[in-house]
Amino acid sequence: MRDGGVVVAVSLDIANAFNSLPWRVIGDSLEEKGVPEYLRCVIGSYLSARELSYVDRRDRLTRAPVSCGVPQGSVLGPTLWNVGYDSVLRLCLPIGCSVMCYADDTLLVARADTFREARLRAEVGTTFLVRAIERLGLRVSVAKTEAVAFSAGGTPAGAVIGIGGAVVPIGSAVKYLGLTLDSRWTFRDHFRLLLPKAWGMAMALARLTANIGGPAERRRRLYATTVMSVVLYGAPIWAQTVASDRVILRDVRKLQRQLALRIIRGYRTVSHEAASVLSGMVPFDIVANRLRRTYLRRRDIIRRSGVIEPRMTLMLSEVERHRSILRWRERMIDLPPDRPGAIVRGAFIEDLESWVGRAHGALTYRVTQILTGHGVFESYLYRIGRRESPICLFCRAAVDTAAHTLLFCPAWGEQRSGLLEHVGVYRTLQSVVRAIVRSSDAWSIFAEFCEVVMRRKEEDERARERGLGPPGGPLVIPPNVHSSDEEQ
């Protein structure tokens with residue numbers, strides 16, 4: 001495509017592949033490849049005298065002899081399939097054609113300078129390929145076969161390819177090995193089809209991860225990782241392309257923000273940057289690039305030495321993980337200071353890697369309120385239109401922010417005394433973060449402070465609303481109040 005050429009790819013679907021490969025084909029292939037006779041006898045015995053037991057329409061147990069197929073679920077099954085199907089890969093195809101396989105997923109690729117020539121080559125090559133597959137005793141399902149043209153100029157309207165007397169349209173995208181490959185290699189079709197599925201998983205998990213109660217942070221993080229693993233499938237293939245696609249990055253960013261809020265138990269007014277930092281969710285494009293770099297480095301080692309040790313794989317993964325966090329940190333440093341989430345970024349940026357990799361402590365509903373400033377604080381309630389003044393109701397001396405409550409308000413002096421021993425002389429959120437990241441004791445004291453103080457403030461809020469304020473229960477965010485993030 002870079003040189004102006006055209007590629008037509010045909011994805012063949014083999015009907016009931018693993019259950020249909022004749023045993024004689026496996027035996028002939030083993031003999032052709034020089035497998036010793038005694039091993040062929042062992043395998044022949046392994047495959048012989050098999051039968052299928054089932055209950056027929058008259059509720060009678062019926063047995064039918066089996067003479068084909070590889071035992072699925074067995075260690076030997078995939079190898080027997082590869083041995084029997086290997087002749088398809090070794091087929092002599094027309095010029096410009098090649099074939100690649102993963103298990104039974106067979107893809108014929110035809111290259112040429114023009115679309116017309118590539119289509120003709122694909123048609124001839126597919127005919128050769130289908131005949132070779134049928135000689136093995138297998139059957140190609142033309143109804144499920146797909147074709148796609150990769151061309152800078154797009155696919156001509158109404159283009160088709162003939163396969164075994166049937167006509168298969170040449171589309172603009174094809175799904176192969178779980179990836180939707182479009183004709184221009186943009187992967188937008190892949191994410192367009194994938195993200196609704198990921199959102200469905202995220203919404204299902206949201207019902208299990210309410211802000212109050214529910215699973216702890218580590219389990220929430222596991223749920224989020226499960227969703228993102230679906231999104232990141234095939235990252236070494238598309239990472240570079242997607243990194244420059246603003247549409248895909250924007251759509252995945254929305255999903256990551258939802259998952260991050262579920263991890264930290266945060267209000268929806270918490271910015272994407274703050275939620276990502278607290279949840280430890282590295283931005284999608286950085287993670288994709290990390291997976292790509294890890295794959296390429298592993299591949300280079302395997303090509304040079306033929307094998308890679310497990311400890312080397314772990315070391316490569318750790319090096320790339322460290323690199324990805326450094327890139328994330330550099331990206332946050334470059335953000336403008338007036339961007340939402342600046343307070344959280346400033347507090348965590350120096351200890352970001354320690355925060356993400358910490359082995360102690362868990363975020364709770366009230367800990368998150370203190371760290372984000374989104375909760376029962378007069379300044380926050382004033383900002384969302386629930387208060388007429390941001391002045392602290394407990395000391396009447398300053399604006400009631402999370403930092404004021406945590407470090408300065410005299411009403412909570414007794415509760416914070418133990419925490420200040422760990423924080424030191426600098427009363428800043430950054431000092432608190434550094435203390436709780438490095439010490440499990442400091443985390444315990446900090447978490448206890450958050451639970452006691454925020455619970456008291458919540459009770460005071462409810463009592464005030466019942467007696468003096470408008471009717472209602474606990475803090476409820478109006479539906480028209482959102483974060484100032486661009487996706488909101």
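So, helices α7 and α9: in this predicted model, the two run roughly antiparallel to each other. Where are they in the chain? Helix α7 covers residues 217-231 and helix α9 covers residues 246-264. Their axes come within 9 Å and cross at roughly 165°, and since the cut-off for roughly antiparallel is anything over 145 degrees, that is the label the pair gets. The crossing of α7 and α9 is right-handed.

If you'd like to follow along on the screen, here is who makes the contact. From α7 we have E217, R220, R221, A224, V227, M228 and V231. Facing them from α9 are V252, L255, Q256, L259, R262 and I263.

Let's move to strand β6, residues 146-150, and to F150, which sits in it. Is F150 buried or exposed? Its relative accessibility is 7%, so F150 counts as buried. Leaving aside residues up to four places away in sequence, F150 touches M1, G5, V6, V7 and A9, and also L181, D182, S183 and W185. For a sense of distance, take I391, which is 241 residues from F150 along the chain: the two C-alpha atoms are separated by 63 Å.

One of those F150 contacts, W185, brings me to the loop between β10 (179-182) and α6 (188-206), where W185 is placed. Now, a quick reminder: most residues other than glycine have a negative phi. W185 has a positive one, near 65°. F187 is found in that loop between β10 and α6 too, and F187 also has a positive phi, of about 70°, although it is not a glycine.

How many disulfides does the structure hold? Take C97, which is in no disulfide; the nearest cysteine sulfur belongs to C92 and is 11 Å away. C97 is buried, with a relative accessible area of 11%. Then there is C392, where the nearest cysteine sulfur, that of C395, is 3.7 Å away.

Methods:
Residues numbered from 1 in each chain as written. Predicted model: local features only at pLDDT ≥ 70, side-chain atom pairs only at ≥ 80, totals over all residues. Heavy atoms only, no water. Axes fitted to C-alpha atoms, helices over the stretch in contact; angles between N-to-C directions. Helix = DSSP H or I, 4+ residues; strand = E, 2+ residues; numbered from the N terminus. Parallel < 35°, antiparallel > 145°, perpendicular 65-115°, else oblique. Left-handed = near helix turned anticlockwise from the far one by under 90°. Contact = heavy atoms within 4.5 Å. Disulfide = S-S within 2.5 Å. Buried < 20%, exposed > 50% of the residue type's maximum accessible area, 1.4 Å probe, protein only.
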